[in-house]
Amino acid sequence: MGLFQPGWMSRDEQKATRALEKVTDDDTLFRIASECPHLSVQIKAAQKIRNTDRRLDAALTKRLLNYEVRMAALEGASEEGLSLVARTAASSDIRLEAVRRMKDEGCLAEVVEATAGGNRDDQRICEAAYEKMNHPPFECSMRVRNRKTDANLLYDLKGMSYPDDREKLMRIIMEKDGKCTEAAVRMLAYEQEREVLRKLAVNGKRNARLAAIEALRLPADRDIIDVILSNPESDLVLKKYAARLLPNEDPMLDQLCCPFCGSFGSIYHHGGYDGAADMYYSAYKCRVCGHEIRKHSVTGTAETKDFSVSLRDLCGKPGKE
Ligand SMILES: [Zn+2]
């Protein structure tokens, strides 16, 4: 075998370099790029491959090729070639490098579509490609979870209208949970979408719920407001949104509630002897969220104040006339 060993396989780097200089055939250059024992010669060979598709094979191959050889293979690659490497190459570093070199938004979108929802490497590539796009298509923003998707979808929403784009609006509402979700809910027309808004107010994702509650109308949707206000699972912000819809003279606004969780009538007084402190205490406590204000005294005469507030104060509504 040694007899027929080509010069570029020589252990002497200079000899191998000289041998490379004489080679012009792409297939042989590819072999040198992947098999030569000297990194510098491998890189030069990759650079010398004339057909850019053949050169890309060095970036795409599953063989254990040095990163720098793969980098050299990306030189002069077309956007389509780079997209192919970004989607399918075995090494994630070279996939990322291909994305960095890409400019064409259509090809970048192709990479996003192909890698969204994939394994961890795919996710990295997907994010990088999405970040590079100035105006990602709607589909890309829907498939990617990224800090920029919310802003991009808000931008897309400006070009949409109800009812023409109802399907897209509903997808944002059901699948996303950001500012774009709120904006999409606000675009639904109450008359046509009343049932949808009522359902979203109770079961939607967080931002959809807030916007849907705002869209409800009283007295027609009073039942939903009551459900939200009386459910201990609803948090303070949801309750504030719901309470703000109540008419100013509504007696519910004067009910006392816990300022920390918004529950009605949940605060009770208790007291007694606190062994740990060796003192008597008097306290008010919310039986729903557990918030407690306790005051100690040696004689047991300390009085704590009930910290409950009216729903009106809680949601910042003005007092009755
Ligand atoms: Zn509470």
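The model is predicted: local features need pLDDT of at least 70, side-chain atom pairs count only at pLDDT 80 or more, and totals for chains, interfaces and linings use all residues. Residues are numbered from 1 along each chain as its sequence is written. Helices (H or I, at least four residues) and strands (E, at least two) are DSSP runs, numbered from the N terminus.

**Helix 3 with helix 5**
- Helix 3 (residues 39-48) packs on helix 5 (residues 67-74) at about 15°, with the axes 8 Å apart. Axes are lines fitted to C-alpha atoms over the stretch in contact, and angles run from 0 to 180 degrees between N-to-C directions.
- The two are therefore roughly parallel (angles under 35 degrees; over 145 is roughly antiparallel, 65 to 115 roughly perpendicular, the rest oblique).
- Leu39, Gln42, Ile43, Ala46 and Gln47 of helix 3 meet Glu68, Val69, Ala72 and Ala73 of helix 5 (contact: C-beta atoms, placed from the backbone, within 7 Å).

**Helix 4 with helix 5**
- Helix 4 (residues 52-60) packs on helix 5 at about 150°, with the axes 8 Å apart.
- That angle makes the pair roughly antiparallel.
- Arg55, Leu56, Ala58 and Ala59 of helix 4 contact Val69, Arg70, Ala73 and Leu74 of helix 5.

**Strand hairpin**
- Strand 2 (residues 267-274) and strand 3 (residues 279-286) run antiparallel, joined by eight bridges (strands pair if DSSP finds at least two bridges between them).
- Glycine 272 has tyrosine 281 of strand 3 as its bridge partner.
- Four residues lie between the strands, and aspartate 278 takes a positive phi near 55°.

Key
Contact = placed C-beta atoms within 7 Å.
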